[in-house]
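Hello,

Here is the structure I promised to pass on to you. Have a look at it first, and my notes follow below.

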Amino acid sequence: MNYSAALRWYIVLLLAAIVGIFIALPNTVETTLAGRHVRFSKPAALFTLFGRTIVFNPTLQFGLDINGGARVTLVADTASLSESEKKRAIDGVREVIARRIDLYGIKEASVVTSTVDDQHRLHVSIPGVSNTDQALSMIGTTARLDFREYKPASNSASASPSGILVSDFVSTDLTGKDLRSAVADYDDTIGQIIIYMEFNPEGTRKFAEITQRSIGKPLAIFIDDYPLSAPIVENAIVDGRAQISGNFDASQAKSLAATLNAGALPVSVQPVSQETVHPELGANAVQSLFRAGVIGIGLVLLFMILVYGVKGIFACLSLLLYAVLSIAVYKLIPITLTLPGIAGFLLSIGMAVDTNILVFERLREEEQKGYGNTLGLLSAAFGRAFDSIKDANVATLAVAFILANPLGWSFFHASGPVRGFAVTLMLGIVLNLFTGMIATRILMTLFYKPKENNA
Amino acid sequence: MPKKNTNGPFPIISKYAGVYLFLSFLLIFLSCLSIYLFGLRLSIEFTGGTIWEFSANPPEKTTITRQKLQEIGVPTDVIVSMQQLDERTLRLRMHPIDTTQKQEIKATLEQAFGTITDQRFETVGPSLGNEHFRKTLLSLGVGAVLITLYLASRFHSIMLAGSALLAAIHDGLILVGVWAVVGHLFSVEVDVLFLTALLTILSFSVHDTIVVYDRIRERQKKNGWSISSQLVDQAVLDTLVRSLRNSIAILIMLLTLFLIAGERIAWFMFALLIGTIAGTYSSTFVALPLVVAWMRIKQKRAKK
């Protein structure tokens, strides 16, 4: 790399560092300064993209073992269903559970399905909840779907501004059992996404009667006693096929259809594994880990300077850049950090040092051979070192890949903590190749002056 | 004064290969022995079961024993073992129970001991445990195969790849052996995290070995692709310092983490620590003696 190329890359590097630091810094910091309690806040970046205003204020996401919460693996009993029904049923259960958690007001919950050995599973993750027993008992129940017609109580003088109360709806005998299926599809003629519902013979009969009675009035669909949708009945429907239109977007429609299916094909779920962590336990663990990490990094940096002198400082800079960029990446993707994940990150810092050491040892050898010219020296050193760095890192990368299982292969683990560790390790290796090789080289090309050869 | 070695580099590996290999066999033997004697404590992630940690603040200080639990009406047959973690916290290891059963037991406990705060509750059904076990073995197997294939292709030599793999397995065995001892003394379990450490150590060991191999390959290029004991010796002498420095850097980080970070991570770090030390040692003093031995056997066969 020649001087002018290095200069150009240096500017890129500085930009990356500045952006990285900005993203990586914590959003608020509270401390006592000169006896007064102060609070520094990082401004959130605000910008407009394609006419939509976006607020950019990423935070670090922490996993269950740090924030506390619950993680359950449920198995759905789909034995009695046909293949095509199975998929609909599982999506339905997933949707219903997600809805229930939503009702709890928990933002970062996740419900993921997986199939192992013909067994259909749901992995539910509810962070930040301390009353996990309650949350879990709510999730495990089978979905209940029913249709209710509008019969406002006679003293509707107390009606809400929109005129319709939930309590105005009265149960009918039409339930999820009578619904055969629900599908969301795009209707060309209207130019909208429509939900198509189909009832079985018994349901068709009931539905015909109810719609006859309810023309011009809303007919509400309730799931788990919670109103899902209340479309207005336009005319009596006697063939058991109904449509719901309402300017749905694709995801809304899919969600609605899946929920309806959950009611139509109620599938019972059984928990096969469960993990709950009290928030306090996690908070303490993170603090000690954090402290240990800072001390560890400090010691490693000290070591590098002691052993390699001036060159060590370049290594320190690139290591710090590595740490900053890693944190920024964790915030951007975002990656949920677990305790082992943080440990993996700290470990990768130790390994990042390795790259620098390999280069410096090479450099020492080349200097002894007497190159004289800085650029030639650096290019020889970095070039030769890269071979072994590449080989060595591939081995670790392969192992991390297996553990992280990003493609979700069912014959490997899908477990949380292990994956967290592997993902941070993998990211660490890739980032490390960048900072260790490129960043250090740029810095050294611009600022390093080898001592006179006095071997 | 006459120079010591006029004929070549100090035969650090070639002369003492036998010693190193003997030492390694001894270590492996000891590890296997300890595994046989002490067994491995498998966590519930592999056996299935429940772990329930809770803290209580009973009005009068009572030690909670199995008998006491029976007295207040807790079904103690589901309890496999009890461990008092600190003054207020108890850890129960049980057969798998579900949330309803747990709540029942909790209610009974609260009647006797006042409010109970759950710290941790983990249940794994038995079939899931089995599956974890299978998947982990598979991960280990595939990892080992991938690494060997990669090595063989990069260094054009099954001998080098095989030795590297054997060195890594050697490290793994030692780690498991140590865990058997530690498990016996400190009740440390073999859980999924430990297996993560094992897999990571596999890659560490190979990582370290590769750097020495790289040096060998470089000298091979100058020597017309032949490999000799002298070549190996020189390569080791060249890279010894670098290898040590690298390991020290990682060890500093691991040691700090082990000593200062909390209990949950400590044992994981300890496993990585043992593994890193073993990995550094094995790269030079296990993989290479194996290579030398292999070469000698090939030579003898060729002569016949």
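What radius of gyration does chain B have, beside that of a compact globule of 304 residues? Chain B has 26 Å, whereas such a globule would have a radius of gyration near 19 Å. Please keep in mind as you read on that this is a predicted model. Along the principal axes, the C-alpha atoms of chain B fill a box of roughly 85 × 45 × 30 Å. The secondary structure of chain B amounts to 9 helices and 4 strands. Read from the N terminus, its elements follow the order α-α-β-α-β-β-α-β-α-α-α-α-α.

Now to where the two chains meet. Chain B brings 62 residues to the contact and chain A brings 61 residues. Between them the chains bury about 5700 Å², and 65% of that is on carbon and sulfur atoms. On the chain B side, Lys135(B), Arg245(B) and Met253(B) supply 11% of the area buried against chain A, more than any other three residues.

Asp354(A) and Arg242(B) meet in a salt bridge through their side chains, at 3.2 Å from N to O. Several elements of chain B each supply at least two residues of the side that touches chain A: helix H4 (99-113), strand S4 (116-124), helix H5 (126-155), helix H7 (192-222), helix H8 (229-260) and helix H9 (263-303). By residue class, that side of chain B divides into 29 nonpolar, 17 polar and 16 charged residues.

S4(B) pairs with strand S16 (residues 269-277) of chain A in the antiparallel sense, over 5 bridges. Within this pairing, Phe121(B) is the bridge partner of Thr276(A).

Chain A has two hairpins for you to look at. In one, strand S11 (residues 179-187) and strand S12 (residues 192-199) of chain A run antiparallel and are joined by 8 bridges. Ile195(A) in S12(A) stands opposite Ala184(A). There are 4 residues between S11(A) and S12(A), and Gly191(A) in the turn has a positive phi of about 80 degrees. In the other, strand S13 (residues 219-223) and strand S14 (residues 226-229) of chain A pair antiparallel over 3 bridges, with Ser229(A) as the bridge partner of Ile221(A). Here 2 residues lie between the strands, and Asp224(A) in the turn has a positive phi of about 50 degrees.

Asn200(A) sits in the loop between S12 and helix H5 (201-213) of chain A. Its side chain reaches the backbone nitrogen of Gly203(A) at 2.7 Å. Leaving aside residues up to four places away in sequence, Asn200(A) touches Lys177(A), Asp178(A) and Arg180(A).

One last item concerns salt bridges again. Over all chains, the structure holds 20 of them. One joins the side chains of Arg364(A) and Glu361(A), at 2.3 Å from N to O. Both residues lie in helix H9 (residues 339-369) of chain A, 3 residues apart, about one turn of the helix.

Best wishes

Methods:
Residues are numbered from 1 along each chain as its sequence is written. Chains are lettered from A and ligands numbered from 1 in the order in which they are written. This is a predicted model: local features need pLDDT of at least 70, side-chain atom pairs count only at pLDDT 80 or more; totals for chains, interfaces and linings use all residues. Side-chain values use heavy atoms; hydrogens and water are left out. Contact means heavy atoms within 4.5 Å. Buried area is the accessible area (1.4 Å probe) that two parts lose on being put together, summed over both. A salt bridge is a side-chain nitrogen of Lys or Arg within 4 Å of a carboxyl oxygen of Asp or Glu. Ala, Val, Leu, Ile, Met, Phe, Trp, Tyr, Cys and Pro count as nonpolar, Asp, Glu, Lys and Arg as charged, and the others, Gly among them, as polar. Two strands pair if DSSP finds at least two bridges between them. The radius of gyration is taken over C-alpha atoms; the globule rule is 2.2 Å times the number of residues to the power 0.38. A polar contact is a pair of N or O atoms within 3.5 Å; within protein, one must be able to donate a hydrogen and the other to accept it, and residues adjacent in sequence count only if both atoms are side-chain atoms.
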